[in-house]
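Dear colleague,

Please find below the model that I am handing over to you, followed by an account of what was found in it. I would be grateful if you could read the notes alongside the coordinates.

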Number of protein chains: 2
Amino acid sequence: MLFPGLKKVMAMPETAVILAAGLGTRMGNRPKGLIRVAGREILYRTIVLLKRKGVERFIIVTNEHYEALYREFIERHGFTAELVINPEPEKGNGHSLHLARGTVSGKFVLVMSDHVYSEAFIERAAKGNGLIADRRPRWVDVSEATKVKVRNNRVERIGKNLRKWDAVDTGFFVLDDGIFNVTEELEREKKGDYSLSEVVERAKLPVTFVDGLGWTDVDTPEEIKRARRMLVKTAVKGIGDGFVSRHLNRKISTEISALLVDRVTPNQMTAVAFATGILSALLTLFSLPLAGILYQVSSILDGVDGEIARAQLRTSRLGGYIDSILDRYVDGSFLALLAYSTLEGPLWYLIALLTLLGTVMVSYSTERFKAAFCRDPHREVPELRNLPGKRDERIFLTMLFLLYPAEYMVKSLFLILALLTHIRAALTAYLVSGKVSEPKTI
Amino acid sequence: MLFPGLKKVMAMPETAVILAAGLGTRMGNRPKGLIRVAGREILYRTIVLLKRKGVERFIIVTNEHYEALYREFIERHGFTAELVINPEPEKGNGHSLHLARGTVSGKFVLVMSDHVYSEAFIERAAKGNGLIADRRPRWVDVSEATKVKVRNNRVERIGKNLRKWDAVDTGFFVLDDGIFNVTEELEREKKGDYSLSEVVERAKLPVTFVDGLGWTDVDTPEEIKRARRMLVKTAVKGIGDGFVSRHLNRKISTEISALLVDRVTPNQMTAVAFATGILSALLTLFSLPLAGILYQVSSILDGVDGEIARAQLRTSRLGGYIDSILDRYVDGSFLALLAYSTLEGPLWYLIALLTLLGTVMVSYSTERFKAAFCRDPHREVPELRNLPGKRDERIFLTMLFLLYPAEYMVKSLFLILALLTHIRAALTAYLVSGKVSEPKTI
């Protein structure tokens with residue numbers, strides 16, 4: 001590379017070493033990095049999130065038994081990753097790090113294959129230096145965790161059974177290749193059998209604190225559940241959330257998401273929430289209290305699709321677009337049917353209400369697309385230009401119908417406008433969706 | 001510059017020479033480049049449009065009488081422009097070009113100060129080579145124009161009185177500094193008194209045809225009117241126009257725009273169109289035919305603000321945003337009042353209709369901002385997060401009110417929701433508008 005400085009303003013590591021040689025005895029001898037949490041292999045998540053931070057090369061140190069599985073995993077996802085085989089996985093994991101010494105130079109990330117990290121954690125940790133430690137771990141069993149005693153911003157002692165400690169080892173490190181001088185020493189002293197903790201203590205690594213964010217390790221089947229919950233709870237976007245969302249809906253929806261995140265897709269949840277909302281609107285014709293309660297249930301369910309999508313690393317702007325259109329239809333239908341059923345007017349009132357909804361939705365369905373994609377749907381979908389129902393046409397039609405002012409003319413007008421606008425809005429959403437080809441992950 | 005290739009992929013000229021030394025005798029001795037057409041000096045338009053195409057330096061050749069005026073013009077707009085003074089403006093304008101010889105090198109644009117160009121014309125012409133000629137001039141008096149006879153893609157003859165000709169000279173040239181060898185020759189032969197046409201013919205310039213686009217020259221007060229009309233007619237965006245807009249509304253609105261473009265601002269026209277629309281909605285309570293006709297009038301007026309903004313080079317995304325919000329309110333109010341007045345229900349129906357409108361507008365007012373600016377209003381305006389009336393809050397409120405299902409509860413709910421949503425939508429538009437600081441021109 002001629003101008004490395006042009007490439008990244010911040011000097012982020014370009015390589016990550018992943019230690020995945022351990023024999024997952026408590027997990028039925030499956031490679032822990034390939035365990036699915038929230039629909040994705042642990043390593044898939046780590047690699048994708050590190051790639052977003054600029055890491056380009058991945059070195060996975062594993063053992064002979066898991067080699068084929070990891071190779072298949074790498075190929076299936078098209079990752080740029082190399083395998084390094086540790087023929088003695090029963091020895092301490094310090095040796096695994098040592099085996100990677102020929103493949104890296106300069107700064108690199110070192111990360112454990114059985115640790116699940118949230119996006120916010122990786123965002124902060126990748127900018128750190130040395131051992132990344134957490135003084136307020138929220139998602140790990142501290143009694144089982146590796147603790148760190150820090151002195152002058154460096155590791156003084158590290159281990160599971162420290163009596164006095166400052167923070168917990170997150171399994172995430174930002175190192176440079178000087179570390180291999182330390183492993184070289186230990187190789188000689190310990191005949192290749194030493195732990196990463198011994199390396200860390202000997203090197204007196206600097207410590208960067210990243211406190212209270214989402215990360216955990218997975219050693220037992222119970223811990224998979226905890227990791228899944230962590231991912232969902234830390235996946236709440238929340239930027240547009242109101243008071244009820246923050247204090248009630250999210251508390252319930254994240255529990256539902258944690259239960260379902262391994263079983264359903266975001267789109268399935270969007271459909272369920274929409275169906276519940278429309279059902280609640282229809283229910284206004286029979287029982288207002290039940291309708292209101294179901295409407296609130298649909299509002300809670302409405303959060304689940306987004307939470308699942310973020311936890312599964314499957315967010316899509318098209319999903320957000322469709323969700324937003326459907327929300328407007330649920331709200332519009334609920335209010336229209338509520339007014340119709342309570343105020344006991346003729347059916348034409350309902351049609352008038354739905355016409356008003358359709359009129360705004362014609363514009364909403366194109367503008368919301370622009371909002372999601374920063375692209376003009378009229379340029380992308382030329383068919384939209386020939387689709388009838390644009391504002392100038394609707395207004396002209398309205399004028400024509402009102403020139404002879406009889407009630408049946410106005411009623412016909414409403415019926416025509418309702419059909420015209422709702423068909424146009426639906427076709428718009430359909431046509432623009434077809435123009436979007438999004439990768440399954442961001 | 002180390003890597004000129006990095007700067008522009010297409011080799012567009014970086015300098016433009018503007019001939020502005022002619023004494024505008026038919027225009028009351030005013031410098032023609034400073035005449036305002038559609039609210040902007042002719043040269044303001046030329047310079048701004050050329051800047052958008054990558055031209056960075058401007059050389060204005062003028063005379064001693066106009067020097068101070070042009071200097072003030074350059075300073076007022078902060079243009080990067082230099083003045084070259086022609087002490088003998090009564091001589092032919094070939095000499096004016098010759099005087100610029102020390103200031104340019106390589107490729108440059110040569111353009112007349114009394115020619116008004118549309119954006120589409122400059123877009124195409126700046127990519128041309130030699131003399132830019134028009135085989136289908138739409139906005140000039142051909143009998144007065146300078147004609148060109150072309151042979152083998154080069155100028156064979158040029159002049160006002162050619163009997164046989166192929167195209168009209170647009171006053172726009174893309175030259176290189178080799179042209180000064182020709183002016184040098186003519187300086188010697190003609191003692192400095194020769195026209196640009198003589199230079200063009202002698203040089204046998206290559207010809208690029210740019211046909212049928214908007215450009216014209218201004219020699220008399222009548223021609224200012226023609227130029228204004230040209231700018232408005234060629235300023236129609238039209239990408240979202242429907243059938244009625246294309247075949248009726250635009251024909252009328254551009255005439256109105258041509259009349260008003262020197263007198264009103266786009267914002268004033270937005271206000272007039274909005275007021276007309278709301279008036280038409282109120283008129284549904286008294287006369288449906290009149291209401292319908294006024295609604296259609298408002299639809300025509302709705303095109304004027306955009307046309308004027310484009311003709312005045314004053315388009316703003318904020319203007320588009322506000323316009324779009326107001327359109328939804330006009331349409332919503334019209335339909336709501338039409339339903340209320342025709343279907344003869346109680347006032348509560350009207351409130352229900354307006355509640356439905358407000359509900360959608362809460363979302364529309366933020367999403368339409370995102371669509372216009374590709375920026376998330378929730379990030380830009382933190383106040384939005386604390387403003388009540390978000391969807392989760394409205395749904396929760398709805399559930400609470402419906403738990404005790406009496407008609408007055410539903411009516412109160414509608415009233416509260418109507419107030420909440422419309423206030424929130426209006427505040428959203430107000431707050432996000434405050435975050436946008438747009439230059440007066442693009």
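A:Ala16 counts as buried because 25 C-beta neighbours lie inside 10 Å. The term buried applies where 20 or more other C-beta atoms lie within 10 Å of a residue's own, exposed where there are 12 or fewer, and partly exposed in between, with C-beta atoms placed from the backbone.

Please note that this is a predicted model, in which local features need pLDDT of at least 70 and side-chain atom pairs count only at pLDDT 80 or more, while totals for chains, interfaces and linings use all residues. Residues are numbered from 1 along each chain as its sequence is written, and chains are lettered from A and ligands numbered from 1 in the order in which they are written.

A:Ala16 belongs to strand E1 (residues 15-20) of chain A. Helices (H or I, at least four residues) and strands (E, at least two) are DSSP runs, numbered from the N terminus. Setting aside neighbours within four places in sequence, A:Ala16 has contacts with A:Leu50, A:Val55, A:Phe58, A:Phe108, A:Val109 and A:Val111; a contact requires C-beta atoms, placed from the backbone, to lie within 7 Å. Between A:Ala16 and A:Ile60 there are 44 residues of sequence separation and a C-alpha to C-alpha distance of 8.4 Å.

**Chain A as a whole**

Chain A contains 17 helices and 13 strands. Its C-alpha trace spans about 100 × 55 × 40 Å along the principal axes. The radius of gyration of chain A is 28 Å, whereas a compact globule of 442 residues would have a value near 22 Å. That radius is taken over C-alpha atoms, and the globule rule is 2.2 Å times the number of residues to the power 0.38. Of the 442 residues in chain A, 51% are buried. Where contacts in chain A join residues at least 6 apart in sequence, 75% of them link residues at least 24 apart.

**How the two chains meet**

In the interface, 59 residues of chain A are in contact with 60 residues of chain B. On the chain B side, helices H9 (243-260), H11 (288-311), H12 (317-343), H13 (347-373), H14 (377-380), H16 (391-402) and H17 (407-435) each supply at least two residues. The most comes from H13(B), with 15 residues. By class, this side of chain B has 31 nonpolar, 16 polar and 13 charged residues. Here Ala, Val, Leu, Ile, Met, Phe, Trp, Tyr, Cys and Pro count as nonpolar, Asp, Glu, Lys and Arg as charged, and the others, Gly among them, as polar.

Chain B is superposed on chain A by a rotation of 180 degrees with 0.1 Å of shift along its axis, at an RMSD of 0.1 Å. The two copies are therefore related as by a two-fold rotation axis. In chain B, the C-alpha of B:Ala371 is the nearest to the axis, 1.8 Å from it. The superposition is by least squares on the C-alpha atoms of residues with pLDDT of at least 70 in both copies. The copies meet through the same surface, because 98% of the interface residues of chain B are also interface residues in chain A.

**Two helices**

Helix H9 (residues 243-260) of chain A has 18 residues and reaches 25 Å from its first C-alpha to its last, close to the 26 Å expected at 1.5 Å a residue. The expected span is 1.5 Å times one less than the number of residues. H9(A) bends by about 50 degrees at A:Asn249, the bend being the angle between axes fitted to the seven residues ending there and the seven starting there. The buried residues of H9(A) include A:Asn249, A:Arg250 and A:Ser253. Their cover includes helix H8 (221-233) and helix H11 (288-311) of chain A, together with H16 of chain B.

For H12(B), the end C-alpha atoms are 39 Å apart, which agrees with the 39 Å that its 27 residues should span at 1.5 Å a residue. H12(B) is followed by B:Glu344, whose phi is positive, near 50 degrees.

**Two loop residues with positive phi**

Most residues other than glycine have a negative phi. A:Lys204 has a phi near 45 degrees and is found in the loop between helix H7 (196-203) and strand E12 (207-209) of chain A. A:Lys204 is partly exposed, with 14 other C-beta atoms within 10 Å. B:Ala38 has a phi near 55 degrees and is found in the loop between strand E2 (36-37) and strand E3 (40-41) of chain B. B:Ala38 counts as buried, with 25 C-beta neighbours inside 10 Å.

With kind regards

Note on methods: Two residues are in contact if their C-beta atoms, placed from the backbone, lie within 7 Å.
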